[in-house]
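Opening the notebook on this one.

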Protein chains: 2
Amino acid sequence: MNEPTLNPESGFLRFRIDFSYDGTNFSGWAKQRDQRTIQGEMESALEPLTRNPISLQVAGRTDAGVHASNQVAHFDLPERDHQANEWDLADITYRLNRMLTEEIRIHSISKAPSHFHARFSALSRSYIYKIADGGKLLPPLERYDTASWYRPLDIDAMNSAVKPLLGGHDFAAFCKARDTGTTIRTLHEFKFRREGNGFITVNVTADAFCHSMVRSLVGAAVCVGEGRFPQPWLKEVLDGKSRIGESMVFPSRGLTLIKVIYPSDDQLEERAKATIRRRDEDE
Amino acid sequence: MNEPTLNPESGFLRFRIDFSYDGTNFSGWAKQRDQRTIQGEMESALEPLTRNPISLQVAGRTDAGVHASNQVAHFDLPERDHQANEWDLADITYRLNRMLTEEIRIHSISKAPSHFHARFSALSRSYIYKIADGGKLLPPLERYDTASWYRPLDIDAMNSAVKPLLGGHDFAAFCKARDTGTTIRTLHEFKFRREGNGFITVNVTADAFCHSMVRSLVGAAVCVGEGRFPQPWLKEVLDGKSRIGESMVFPSRGLTLIKVIYPSDDQLEERAKATIRRRDEDE
């Protein structure tokens with residue numbers, strides 16, 4: 001697929017769609033031939049409803065098995081069709097939810113400013129990662145979004161070790177190699193917390209993430225949390241810029257995109273242009 | 001299957017097993033020919049591990065699609081085998097979890113007093129039922145244990161209406177007809193609560209439940225909560241003793257057994273005998 005233009009083509013209107021999904025039985029967000037993907041299911045359902053080809057641009061292009069509780073995308077429709085058909089967005093939302101399985105739920109569809117770009121205008125993405133450590137049993141109904149780790153993890157050690165990673169760095173060591181894009185990112189939050197049920201929740205926020213970056217960060221921090229490496233090791237990995245071992249990358253099932261933040265409407269265009277200048281590749 | 005004896009046969013030891021399950025893809029607890037059931041899966045996994053035929057007696061015989069976060073069962077094994085094999089119960093638990101899918105998790109297996117009967121010794125069973133009312137979207141990862149209802153429900157109206165049902169009554173109106181057993185039960189708790197996420201949790205506790213009783217109670221209370229019937233209607237239904245319409249019974253997906261309470265060891269036998277005298281049919 002070609003790189004989308006930043007603004008809608010002339011005569012087109014831009015729409016924002018907010019939604020959530022259980023990624024368990026999908027081959028990720030991005031449409032692929034002969035694969036069941038979230039993008040594929042949503043575009044196929046939207047096209048007959050709007051009687052137009054639909055190309056969704058998403059804020060966080062999640063991998064196979066990754067979930068989202070608050071995902072954002074946009075799409076464009078001809079203004080003339082919109083006027084002629086008097087599209088009722090609440091009605092389209094309702095019908096879309098009837099067509100999709102319960103694995104994907106559409107929260108709302110709304111008219112967006114033409115400078116809104118779900119991917120390039122975003123200021124930050126927030127994920128949570130859930131871990132049942134120390135060989136704790138996974139409650140059957142929580143197995144879809146929690147990963148297991150057999151060793152007990154030291155929350156304080158992990159929280160200390162990840163501090164040097166906060167702020168702007170080249171995260172190449174935690175990014176799956178790709179042809180394009182910078183691996184410089186700004187990490188706003190990386191925090192491990194022991195919940196009341198004994199499981200661990202990890203909160204991770206950055207301006208954007210490169211491919212498999214959250215799962216690589218969590219997996220590397222766990223190496224410290226289980227005592228396999230000392231705390232300074234994480235910063236050494238960051239500075240070394242050579243990709244960590246694939247076996248350290250944590251499984252996708254524990255990962256959920258929970259929030260995408262955008263600037264105020266008058267900042268949308270400037271933000272998108274700045275993002276493209278940096279040639280971000282976000283996950 | 002024949003009604004089990006209250007105590008283990010001579011030369012047999014009794015074991016208690018605590019476990020949980022996601023009932024979504026099972027035809028309920030009770031073993032049935034050519035059906036995937038929780039009892040069937042657990043007995044098939046336990047038999048090779050203990051090299052003995054296993055017959056599980058459970059506290060709450062849940063229907064197809066009903067879940068359990070804290071279920072209890074018992075089984076008997078020859079004392080001679082136990083001594084000869086020096087069964088390590090923690091090891092059997094571990095191996096059992098490896099053999100079963102993540103849909104069933106074994107919390108523990110322990111040696112039980114010979115008077116312990118998972119079903120007949122129980123003092124009470126507690127269930128929760130989760131409802132997303134008013135047409136609220138079900139978060140995809142919560143769809144397995146939450147039921148949807150399109151109309152908004154009035155929590156206060158339901159809590160007032162169900163008060164006359166507390167205590168000992170003949171719950172025939174809320175029990176699926178069966179050949180055997182009394183329909184007299186003691187309802188200890190029946191409470192609707194609006195959670196922080198906007199969904200409803202219903203807590204229901206009784207000495208025991210007859211078949212489909214929780215789902216019938218919840219469905220009938222919802223008729224009041226949505227304003228279809230006035231509050232006194234629930235008590236009239238109870239007093240009328242004629243079975244409510246099948247369409248009122250709420251779906252099994254929202255129901256989870258969360259707790260079973262037993263008396264102290266010296267009361268186990270007395271409790272079991274009293275239960276059998278009342279010919280309880282519990283769900």
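**Entry 1: how the chains meet.** I started at the contact between the chains, keeping in mind that this is a predicted model. I found that 100% of the interface residues of chain B are also interface residues in chain A, so the copies meet through the same surface.

**Entry 2: what makes up the contact.** I looked up the residues and got 18 from chain B and 18 from chain A. On the side of chain B that touches chain A, the elements giving two or more residues are strand E1 (12-21), E3 and strand E4 (104-111) of chain B. E4(B) gives the most to that side, with three residues. Sorted by class, this side of chain B has eight nonpolar, four polar and six charged residues.

**Entry 3: domains.** Where they touch, 14 residues of domain 1 of chain A are in contact with ten residues of domain 2 of chain A. The side of domain 1 of chain A that touches domain 2 of chain A has four nonpolar, eight polar and two charged residues.

**Entry 4: the cores.** Which residues have the most contacts inside the largest nonpolar core? They are Tyr129(B), Val214(B), Leu217(B) and Ala221(B), in a core of 74 residues. Helix H5 (residues 213-225) of chain B gives the most to this core, with eight residues. Domain 1 (12-121) and domain 2 (124-258) of chain B both give residues to this core, so it lies between them. There is also a second, separate core of 73 residues, which includes Ala59(A), Ala147(A), Phe171(A) and Ile200(A).

Leaving aside neighbours within four places in sequence, its contacts are Val202(B), Val204(B), Val214(B), Val218(B), Phe250(B), Gly254(B) and Leu255(B).

**Entry 5: strand E10 of chain B.** I traced the pairing of E10 (residues 255-261) of chain B. With strand E3 (residues 67-78) of chain B it pairs in the parallel sense over two bridges. In that stretch, His67(B) stands opposite Thr256(B) of E10(B). With strand E5 (residues 124-132) of chain B, the pairing of E10(B) is antiparallel, over six bridges. There, Leu257(B) in E10(B) is the bridge partner of Tyr127(B).

**Entry 6: Ala59(B).** Is Ala59(B) buried or exposed? Ala59(B) has 28 C-beta neighbours inside 10 Å, and the cut-off for buried is 20 or more, so it counts as buried. I placed Ala59(B) in the loop between strand E2 (57-58) and E3 of chain B. Ala59(B) and Ala73(B) sit 14 residues apart in sequence, yet 5.9 Å apart in space, C-alpha to C-alpha. Not counting residues up to four places away in sequence, Ala59(B) touches Gln71(B), Val72(B), Ala73(B), Ala118(B), Arg119(B), Ala122(B), Arg125(B) and Val260(B).

Methods:
Residues are numbered from 1 along each chain as its sequence is written. Chains are lettered from A and ligands numbered from 1 in the order in which they are written. This is a predicted model: local features need pLDDT of at least 70, side-chain atom pairs count only at pLDDT 80 or more; totals for chains, interfaces and linings use all residues. Two residues are in contact if their C-beta atoms, placed from the backbone, lie within 7 Å. Two strands pair if DSSP finds at least two bridges between them. Helices (H or I, at least four residues) and strands (E, at least two) are DSSP runs, numbered from the N terminus. A nonpolar core is a set of buried Ala, Val, Leu, Ile, Met, Phe, Trp, Tyr and Cys residues joined through C-beta atoms within 7 Å. A residue is buried if 20 or more other C-beta atoms lie within 10 Å of its own, exposed if 12 or fewer, and partly exposed in between; C-beta atoms are placed from the backbone. Domain bounds come from an automatic or database domain assignment. Ala, Val, Leu, Ile, Met, Phe, Trp, Tyr, Cys and Pro count as nonpolar, Asp, Glu, Lys and Arg as charged, and the others, Gly among them, as polar.
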